[in-house]
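Hi everyone, thanks for coming. Let me put the structure up, and then I'll talk you through a few things in it.

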Amino acid sequence: MKKHTTYGCEILEKFKFEEDSEFYNYCYNICRWHHEKSDGKGYPDGLVEKDIPIYAQAVAIADCFDALVSKRVYKSSVSCQESFDMIQNGECGQFGETILDCFSKAKDDMFAVVDKSAKAGGY
């Protein structure tokens, strides 16, 4: 499972059209570093907060929230508020202060997306 970040990057390499494409670099960095944690205990490279691009941190926190609020065959869903609290309290790994602040500001929007999706048959 922890290899999906680097496998994704290998796949992206096959689609690279321009060596210095800004879009490609965003995609590559998100793919590679969306499981890094601010304390350096993430993967695949053990980066610390200041070294993890903010856009990779944004994808990471959204991915974590989605995983918590979504029912899976191996787990039940967790409420939006409980998921939010778990992330804010560091129960899902360490997220940096900046991204936690942004997540807090986006809380109502995140909850609304889950609510809308649930009403449409998702989550």
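This is a predicted model: local features need pLDDT of at least 70, side-chain atom pairs count only at pLDDT 80 or more; totals for chains, interfaces and linings use all residues.

Residues are numbered from 1 along each chain as its sequence is written, and side-chain values use heavy atoms, with hydrogens and water left out.

So, how many disulfides are there? Taking a disulfide as a pair of cysteine sulfur atoms within 2.5 Å, we get zero. For Cys9, the nearest cysteine sulfur belongs to Cys31, 4.2 Å away. Cys92 has its closest one in Cys64, but 3.9 Å is too far for a bond. Cys92 is also buried, at 18% relative accessible area; buried means under 20%, exposed over 50%, partly exposed in between, with a 1.4 Å probe and protein chains only.

Next, the largest nonpolar core: 18 residues. That means buried Ala, Val, Leu, Ile, Met, Phe, Trp, Tyr and Cys residues joined through side-chain atoms within 4.5 Å. Helix α3 gives the most, six residues. (Helices are DSSP runs of H or I, at least four residues, and strands are E, at least two, numbered from the N terminus.) Ile87 is in contact (heavy atoms within 4.5 Å) with residues including Ile61, Phe65 and Cys92, leaving aside neighbours within four places in sequence.

Last, α2. Tyr24, Asn29, Cys31, Arg32 and Trp33 are buried there, while Glu22 and Phe23 are exposed on the other side. Covering those buried residues are, among others, α1 and α3.
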